[in-house]
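Visitor: I have a model open and would like to go through it. Can you take my questions as they come?

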Amino acid sequence: MLGRAVTFALVGLEPRRVEVEAHLRSGQQPSFSIVGLADRACQEAKHRVRSGVHSALLEWPGQVITVNLAPAALRKEGTGFDLAIALTLLAASGQVPPARLAEHACVGELALDGAIRPVAGVIAAAEGAARSGLERVLCPVGSAPEAALAGIEAIGVRHLRQAVGYLRGDETLEPASPETNGRTPVPMPDLADVRGQERGRRALELAAAGAHNLLLAGPPGTGKTMLARRLPSILPELGPEAALEVTRIHSVAGTLPPGSGLVSTPPFRAPHHGASAAAVVGGGAVPRPGEVSLAHRGVLLLDELPEFPRTVLEALRQPLEDGVVSVARVGGRALFPARFRLVATMNLCPCGGRGDPRIECTCTPARVAAYRDKVSRALLDRFDLVVAMPRPRAAELARAASEASDAVRSRVVDAAGRLERTTPRRVPAASELLDRAVDRLPLSGRGRARVARVARTVAALGASADVLPEHVAEALSYRSPTELAGP
Amino acid sequence: MTITRLRRGVAAYPPLLERIPDPPASLWLRGDADRSVLTDVAVAVVGARACSGYGRSVARTLASGVAEAGAVVVSGLARGIDGEAHRGALAVDGRTVAVLGCGIDRDYPAAHAELARSIVASGGLVVSEYEPGVEPAPWRFPARNRIIAGLAAATVVVEARERSGALITADFALEDGREVLAVPGEITSSLSSGTNGLLRQGATPATCVADVLEAIGLEPRAARTGPADGPASAAVLEALGAGAGTADELARATGLDAGALATALTLLELAGRVTVEEGVVRSTIAR
């Protein structure tokens, strides 16, 4: 007797259709084997499925059972196949109607008591189901709102018993509605907490409005990290397209809390400098999105930039340039989008004394050079905005609270919208100023393009249709200074 | 890379160098610049490798002023003050000479290879008494310093600790009977203890470009740095009169918002009126 069900395996973010087939035949020795390049977690499905079926008070077909996951050449990993395997067995043994099962894609992990647990990447699987013409997906109840975003009827089930009841027609289950209002107000630190630091705040606003990368350099304790952590609070909400991309990535990575729908707040990621290149950029034997992809459409904060291994920093250059990470593996190539704002902080020297008038730096020139050499010129070139943050005087810290994030965000939203609609053009006088600056300041060709880009953002924030000389002048003040390129 | 050798005794050999107690038997030259760069009046601008933002700013300003007045800036291509002195001259399209303490074909420190190329490309020279292939060695640097002092009519020490190599250059200059100037620094900073010591011993204080030019008998060129245009720039210069400050402090003092202040600072920087080092803004002239 044969049973069939459809589920999906993920290669990166891409769903691949997997047919689950179960064959039952009578034999002397009851056995259960799974074939079709199933990894360890998937092989263990045997135990979960057997216990689940028993716990659901269903009949275990005590025969020779072979389950095949086709295409057999595609590597299957993870626990999301459990539900499909269980239902195929039940269909093969006549406990659920096969025709009804064939209308559904099935995703979910089984608990020993038959409950259905959420798994990563349900939205991607649901999208695959929608694309291959299926109308419904059976999935863990917590993942149903997420799956519904794929434009498919998502039937959330709590227990194997409930799934069987539904397929038999004993129980009706309503499909989940795509929960676009998934925005649980994430408590975000507010810019109002930052006293003084007007220049840093201004740069942060520009970074938000124009999607620029920002480097904050200065002695410890001047509020670099504090400022950087507040960038997400002034970013515009994600559009529907972007929100779907972000939701998909976080679903596949398993960082989406169960029960949440569309993620509409820009993500914020701050990996520690001990993180490996694979963790930051993405990769692994089974390709997984790295921090750069988890920060897609949001903010990636690299605190203490020179402390990151050089391999990690150099690996960042490609996604910074292309906005996408490509991981090639035997099983195929996985593409992960990675368009993020990079915010980094660094000290001016290893001892941290530089830039602090109260401390005398004890670093030798060679040590300072070695410290700054860790950040290659090529990487430094990727920062549109570089701001030195010297230590503020005590008087600044006693000042009244500053402007709150909400007020800044509304300006950012306006400017970002303006930049999307039109590109402000440089007036001749502004171009002249830029040429004069290239002539007099150490500014590379790439540096010139960077200044021009920032000048457009300055103009947009000033609600100006043209890029005026003053906009270029302000943009020039955020160029990377020669002092960061080694003393 | 053109390398030539200039033997002692030929007409092009720098006359001032000829007059020191132990002039090098020959000078190796890198670059195609006119040999007059070695015979025209020159000022040595030297100082510590580990220097402060103040030192860098002053070195650049003085070197720019000297180069604008038509004199040659001589220094040692080292990190810190030396490098800034060369850059200051290059920034105003001036001529500058770098004296090496290693073989003429070597770039030491390697980080300044690009700087050495710029010096040669803009009508300056890299010189050394050592033939190609000679490794840098600690004892070669004092010998190099005697050439720096020997090429210059005056030596300006911008920032130096108690036992800095720049003080050796100053000693050579004194022995050669050349003018020695020192830039006054904070008495509490160890980075200025050497220069303040020189002042105590009677060196001329270098408080502005004019002080340096006076020592070599040159007039300051009519300032390329025009008056500050616009009320914002004027307000910033006014505020800087009270001393160096960060952008935020200046914003507070002038009442400008961060954007307008950034604009004013860049325009002033392009006009050569201020320098910005590690977030600290300094006026290039005392007011």
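Guide: We can start with confidence and then turn to domains, a sheet and the chain contact.

Guide: This is a predicted model, in which local features need pLDDT of at least 70 and side-chain atom pairs count only at pLDDT 80 or more, while totals for chains, interfaces and linings use all residues. Residues are numbered from 1 along each chain as its sequence is written, chains are lettered from A and ligands numbered from 1 in the order in which they are written.

Visitor: What pLDDT does chain A average?

Guide: The average for chain A is 89, and 95% of the residues score at least 70. pLDDT is the predictor's confidence in each residue, from 0 to 100.

Visitor: Where in chain A is confidence lowest?

Guide: In helix 16 of chain A (residues 394–397), at a mean of 64; the highest is strand 14 of chain A (residues 299–302), at 96. Helices (H or I, at least four residues) and strands (E, at least two) are DSSP runs, numbered from the N terminus. Where pLDDT is low, the predicted coordinates should not be read in detail.

Visitor: OK, domains. What does the assignment give for chain A?

Guide: Domain 1 (2–168), domain 2 (191–401) and domain 3 (422–487). The bounds come from an automatic or database domain assignment.

Visitor: How many residues of domain 1 of chain A are in contact with domain 2 of chain A?

Guide: 18 residues of domain 1 of chain A, against 22 residues of domain 2 of chain A. Contact means C-beta atoms, placed from the backbone, within 7 Å. On the domain 1 side, helix 5 of chain A gives the most, with three residues. The C-alpha centres of these two domains of chain A lie 40 Å apart.

Visitor: Switching to the sheet: what is the strand order in chain A?

Guide: The order is 11-14-17-10-18 in an open sheet of five strands, with parallel pairing. Two strands pair if DSSP finds at least two bridges between them.

Visitor: Which are the edge strands?

Guide: Strand 11 (268–269) and strand 18 (385–388) of chain A, each pairing on one side only. Strand 18 of chain A is joined to strand 10 of chain A (residues 214–217) by four bridges, and Leu214(A) stands opposite Leu385(A).

Visitor: Last one. How many residues does the contact take from chain B and from chain A?

Guide: 23 residues from chain B and 31 residues from chain A. Helix 12 of chain B supplies the largest share of the chain B side, eight residues.

Methods:
Two residues are in contact if their C-beta atoms, placed from the backbone, lie within 7 Å.
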